[in-house]
Amino acid sequence: MKKLTLTAIAMLMAIIGYASTTLPIKGKIIPADDPHIQYVGRICFDNPKQPRFTFPGVQINAGFTGTSLRMIAKPQSGYFMVQIDDAEPFKVAFRGERDSVATLATALQRGEHVVRMMYIIEGYELKPDFRGFVLDKDAQILDAPALPERRIEFIGNSITCGYGNESYQASDPFEYETENHYYTYGQMTARNLGAVAHVVARSGIGAYRAYDGPKSGTPDNVMTVEYEYTNLYDRSERWDFSRYQPQLVCINLGTNDLSTNNYDVKLFKKGYKKLVQMVRQHNPQAKIVCLCGSMLNGKELEIAKKTIDEVVEEAHQGGDAQVYRFDFTPQNGDLYYGASWHPSIWQHQKMAGELTAYLRSLMQWF
């Protein structure tokens, strides 16, 4: 398989490592429930020592002192992108049956440092959890920098997740190894705008039916159901919306609803309208932007645009003037395709540029 190589660039006075290990843990263990650790995203804390999550984009941040840093996670949790201070982010894998500890940094200059981690795949099959950090014996855990005041929520499908964006051949199948949410239009847009983002996304999901679902819909596998819960396909905990109130919500759905020529436009509109109403109910002060693209084309693209336009117009007629529309430029292959015809990293960069300009003007986030 052809895929990009994400190379870690060493800090001026650091050597960044990738290796996972099951060797005895030496050093000071900082448990996951330490109050200095900062969490971002939909995370279940029913066991504070092992917070669990499934949506991509979950972030775990902290400050620390010392010359090295390791993290502990459930074996086979999947992939994280890690950034130490201002160095280039790099990928860390928990894929082996016994891999539970990964080295994030060694030979750091003594002093204060910051680690930022993001879960970059869909974890609904892997059911990942985080179990803490390991520092030098004489080191300390510190508060992470304060989060930005600008808050966004992205709701979407495989495009928002980053399905196959590290591949550059459309014939490639889905693999966790080539999904990297860090390099999606949503996260790049958030970084461009100096914002923090929560993500509620899953490949194959729609507003009224999942990919290649029956014309009547897939009522138990749609965003109007999953949006209510902390973890994907885990109905054990309803999400507490008071934990995160975004100023802006971006919805990018419709590609799966209109996939395979077996869809019902009226049911698509009904499901999409219901989702917008749910988002408004839970986020009464947010601006809602309904996105379209970049995988649709032809007849289905026109149906999606027309249908979403109608939903937005009906929201306005109902008194909600803070619902908006934005269309990405449809992809045409000039920036390659990711796996299964999904946007490549370069296509995501283009999408992020388009969306950043629109949202900067809409939100006056200059």
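1. Before the helix pair, the convention: axes are lines fitted to C-alpha atoms, for helices over the stretch in contact, and angles run from 0 to 180 degrees between N-to-C directions. Helices (H or I, at least four residues) and strands (E, at least two) are DSSP runs, numbered from the N terminus.

2. Keep in mind that this is a predicted model, where local features need pLDDT of at least 70 and side-chain atom pairs count only at pLDDT 80 or more, while totals for chains, interfaces and linings use all residues. Residues are numbered from 1 along each chain as its sequence is written, and side-chain values use heavy atoms, with hydrogens and water left out.

3. On confidence (pLDDT, the predictor's own score for each residue, from 0 to 100): the protein averages 93, and 93% of its residues reach 70 or more. Residues 1-21 have pLDDT below 50, yet that stretch has 69 contacts in the model beyond near neighbours in sequence. Contact here means heavy atoms within 4.5 Å.

4. Now the helices. The axes of α4 (residues 265-282) and α5 (residues 298-317) come within 10 Å and cross at roughly 45°. The pair is therefore oblique (under 35 degrees is roughly parallel, over 145 roughly antiparallel, 65 to 115 roughly perpendicular, and the rest oblique). Val265, Phe268, Lys269, Tyr272, Lys273 and Val276 of α4 meet Ile303, Ala304, Thr307, Ile308, Glu310, Val311 and Glu314 of α5. By class, that contact has 8 nonpolar, 1 polar and 4 charged residues (Ala, Val, Leu, Ile, Met, Phe, Trp, Tyr, Cys and Pro count as nonpolar, Asp, Glu, Lys and Arg as charged, and the others, Gly among them, as polar).

5. Check the backbone at Gly293 to Ser294: the peptide bond is cis, with omega near 15°. Ser294 sits in the loop between β17 (287-292) and α5.

6. Two non-glycine residues have positive phi. Asp85, in the loop between β6 (78-84) and β7 (90-94), has phi of about 55°. Asp85 is buried, at 17% relative accessible area (buried is under 20%, exposed over 50%, partly exposed in between, with a 1.4 Å probe and protein chains only). Ala107 also has a positive phi of about 55°, and lies in the loop between β8 (101-105) and β9 (112-119). Ala107 is partly exposed, with a relative accessible area of 46%.

7. Last, Gln59, in strand β4 (residues 59-65). Gln59 is buried, with 15% relative accessible area. Leaving aside neighbours within four places in sequence, Gln59 is in contact with Gln38, Tyr39, Val40, Met117, Met118, Gln187, Val196 and Ala197.
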